[in-house]
Amino acid sequence: MADPALDPAFDLAAPLAAPVSARLRDAVDVEGKLPRTLLALGLPTAGDVALLGDPEGWQAARLAAAGIKVQSAPLEEPFRLGHDDGSLDAVVSLWSAFRGVDPATLDEADRVLRVGGRLLVVHDYGRDDVSALRPADALEYTRWSRRDGPFLRDGGFRIHVLHCFWTFATIEDAREILADSFGERGAAVGAALRRPRLSWNVAIYHRTRAPA
């Protein structure tokens with residue numbers, strides 16, 4: 001198994017040890033569907049965009065490759081963004097923040113967004129192969145995506161479900177990486193593979209900053 005020191009650059013729902021994450025992230029969304037969909041949902045290519053978390057820049061590099069320039073915004077507790085009022089065109093959160101919806105967190109996002117600015121929050125959605133690697137009762141797979149859940153009912157978000165993949169070079173590579181990354185769950189998923197990829201559904205919760 002890999003060293004237990006977690007790699008903060010691998011910003012997915014499940015934190016992974018650094019040597020493992022470097023191998024796994026090369027398999028994640030090789031088609032680049034996530035950046036393209038963020039663009040389609042209103043993320044501007046020219047504007048002031050804050051990306052929450054991702055301190056080592058892995059996701060920022062993927063967004064940049066799609067023509068999206070972002071500013072890094074480190075996560076703080078309590079949630080606070082180091083930007084002036086109404087100074088951003090968009091805020092993007094990839095897995096780390098908005099673990100559910102807290103009114104104070106939404107107020108902070110609205111504070112820094114210009115009127116008409118976009119808040120895009122990415123989490124796993126489930127109903128896919130990847131969800132077998134995590135507990136079935138994970139909030140991402142249950143309460144968060146329901147119509148009466150915190151995002152769609154309380155937070156004023158809409159949801160876009162994106163169908164992506166984790167694609168590996170070979171089935172053998174997939175089995176090795178999954179077992180190293182996720183232990184017994186990964187080994188079980190790998191043993192059942194008939195092709196070197198896993199289906200991966202991503203939820204993008206999105207809302208527009210309304211006038212006060």
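Helices here are DSSP runs of H or I with at least four residues, numbered from the N terminus. All views are drawn from a predicted model.

**View 1. Helix α2 and the residue that follows its end.** Just after α2, Gly42 adopts a positive phi of about 110 degrees. Within the helix itself, the residues that count as buried are Leu34, Pro35, Thr37 and Leu38. Seen down the axis of α2, these buried residues fall within an arc of 165 degrees, so they line one face of the helix. An α-helix has 3.6 residues a turn, so residues three or four places apart point the same way. The cover over the buried residues of α2 includes α3 as well as the strands β3, β4, β5 and β6.

**View 2. The largest nonpolar core and the elements that build it.** This core comprises 36 residues, and those with the most contacts inside it are Leu38, Trp166 and Leu178. Two or more residues each are contributed by α2 (33-40), β1 (49-52), α3 (58-65), β3 (88-94), β4 (113-124), β5 (158-167), α6 (171-191) and β6 (197-208). Of these elements, α6 gives the most, with 6 residues. Apart from this core lies another, of 22 residues, among them Ala97, Phe98, Leu113 and Ala203.

**View 3. The surroundings of Leu178.** When neighbours within four places in sequence are set aside, Leu178 is in contact with Leu133, Trp166, Phe168, Gly183, Gly186, Val189, Gly190, Leu193 and Leu198. Trp166, one of these partners, is itself named with Leu178 and Leu38 among the residues with the most contacts inside the largest core.

**View 4. Aromatic pairs, with Phe151 and Tyr205 in detail.** The count of aromatic pairs comes to 7. Phe151 and Tyr205 form a stacked pair, with 4.1 Å centre to centre and 10 degrees between the planes. Phe151 lies in helix α5 (residues 150-154) and Tyr205 in strand β6, so the pair ties together parts that are 54 residues apart in sequence. Both Phe151 and Tyr205 are buried. Elsewhere, ring pairs join Trp95, Trp166, Phe182 and Trp200 into a cluster.

**View 5. Two arginine side chains placed over aromatic rings.** The charged end of Arg127 sits over the ring of Tyr125, at 4.1 Å from the centre of that ring. In the second case, the charged end of Arg207 sits over the ring of Phe157, at 5.6 Å from its centre.

Conventions:
Residues numbered from 1 in each chain as written. Predicted model: local features only at pLDDT ≥ 70, side-chain atom pairs only at ≥ 80, totals over all residues. Heavy atoms only, no water. Core = buried A, V, L, I, M, F, W, Y, C linked by side-chain atoms within 4.5 Å. Buried < 20%, exposed > 50% of the residue type's maximum accessible area, 1.4 Å probe, protein only. Contact = heavy atoms within 4.5 Å. Phe/Tyr/Trp six-rings, centres within 6.5 Å; stacked < 30°, edge-to-face > 60°. Lys NZ or Arg CZ within 6 Å of the ring centre and 35° of its normal. Arc of directions from axis to C-beta.
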